[in-house]
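This report goes through selected features of one model, from the surroundings of a single side chain to the backbone. Please keep the sequence and the coordinates at hand while reading.

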Amino acid sequence: MAGYKGERSLEYELSFLDPKRYDLFHDVRLAVGDYFAQFDLLIVCSCFIVVVEVKNIAGQLYFDRDFHQLIRTFEDEVETFPDPILQNERQATQLQRWLSSNRFPATPILPLVVISSPHSQIQTKKGHESLSHYVIHKSFLPQMIQRYERIYQQTSYTNKNLRQLTTLLLQRHEAAAYSLLSDWGIAPAALQRGTHCPSCDHLPLIRTRGKWLCASCGEFSQSAHFHTLRDYVCLIDGRLTNEEAQHFLQITSKHLVRSWLKRIAVSDGKKRRQSYEISLDSLPTLLHI
């Protein structure tokens with residue numbers, strides 16, 4: 001929850017921005033191509049958009065611009081993190097792609113990493129002083145926006161463009177499903193694959209003559225795959241593709257899996273890499289088949 005607290009801690013600094021000029025969008029998640037882009041904060045105005053990546057990290061923060069890593073020293077412990085500047089630049093590129101694909105006019109997209117912890121010291125080696133253009137303490141955020149105002153004065157978006165952007169961001173935002181695995185720090189790849197037995201939890205079951213056979217307890221089941229797909233929703237994500245379902249269930253028939261998904265999920269309608277959103281409400285009756 002450190003990241004969430006970091007984003008909330010910007011409320012005071014953001015209060016200095018003119019609400020008539022700036023629109024703020026927190027925790028936006030957009031589909032860009034085959035992937036999702038997650039933005040901590042978007043600061044939008046008629047002349048530019050700031051893509052803010054919030055890092056709530058205390059300690060001595062050394063930005064290694066040669067090897068693109070962040071080295072944190074805190075209480076005599078040294079940790080290495082991925083370079084948040086690279087991450088932020090990728091987010092800016094993804095947002096530019098998304099805006100272009102939705103036919104919005106070109107506008108400056110400005111990546112900015114904001115360190116929200118007051119107990120942090122930002123460092124880099126001599127010759128990389130330009131780091132201050134991309135990484136700031138949260139207290140400097142209002143002044144950074146004022147600096148952008150002086151540099152970027154040409155209007156890119158009309159009021160109509162801004163209203164359309166607000167509407168589309170709210171419509172296209174897709175909240176990430178809660179993940180029990182993430183909460184416990186378990187990678188999805190660590191899970192055992194295959195359809196499990198509803199009676200004794202043995203896996204994998206054997207698919208034979210339209211039913212599932214458990215080699216451990218000898219029970220047959222017609223609905224074991226629905227039990228396993230329920231586990232997928234609870235553990236990993238409420239949305240998946242046919243290929244992901246096949247892999248998790250250890251089934252090779254895409255036609256059979258598609259017929260199961262149609263009974264419990266809503267398709268996004270895409271022809272390429274079609275995904276399904278599973279409704280847990282549709283599962284209770286099917287689990288007792």
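## Surroundings of Asn242

Leaving aside its neighbours within four places in sequence, Asn242 is in contact (heavy atoms within 4.5 Å) with Lys254, Val257, Arg258, Leu261, Gln274 and Tyr276. The model is predicted, with local features needing pLDDT of at least 70 and side-chain atom pairs counting only at pLDDT 80 or more, while totals for chains, interfaces and linings use all residues. Residues are numbered from 1 along each chain as its sequence is written, and side-chain values use heavy atoms, with hydrogens and water left out.

Asn242 is buried, at a relative accessible area of 6%, where buried means under 20% relative accessible area, exposed over 50% and partly exposed in between, for a 1.4 Å probe and protein chains only. Its side chain makes a polar contact of 2.5 Å with the side chain of Gln246; such a contact is a pair of N or O atoms within 3.5 Å, where within protein one must be able to donate a hydrogen and the other to accept it, and residues adjacent in sequence count only if both atoms are side-chain atoms.

Asn242 belongs to helix H8, residues 242-249; helices (H or I, at least four residues) and strands (E, at least two) are DSSP runs, numbered from the N terminus. Asn242, Ala245, Gln246, Phe248 and Leu249 are buried in H8, and what covers the buried residues of this helix includes H7, strand S13 (239-241), H9 and S15. Gln250, which follows H8, has a positive phi near 60°.

## An open antiparallel sheet

In the order S10-S11-S12, 3 strands form an open sheet with antiparallel pairing, two strands being paired if DSSP finds at least two bridges between them. Strand S10 (206-208) and strand S12 (220-221) stand at the edges with a single partner strand each, so one side of each is left without a neighbour in the sheet. S10 pairs with strand S11 (residues 211-213) over 3 bridges, and Ile206 stands opposite Leu213 in S11.

## Cysteines

The structure holds 0 disulfides, a disulfide being a pair of cysteine sulfur atoms within 2.5 Å. The closest cysteine sulfur to that of Cys45 is in Cys47, 5.2 Å away and therefore too far for a bond, and Cys45 is buried at 0% relative accessibility. For Cys197, the closest cysteine sulfur is in Cys217, at 3.8 Å, again too far for a bond; Cys197 is buried at 2%.

## Backbone geometry

Most residues other than glycine have a negative phi, and most peptide bonds are trans. The peptide bond from Leu203 to Pro204 is cis, with omega near 0°, and Pro204 is found in the loop between helix H6 (180-184) and S10. Asp201, in the loop between H6 and S10, has a positive phi near 70° and is exposed at 56%. Asp27, in strand S1 (residues 23-32), has a positive phi of about 50° and is partly exposed at 31%.
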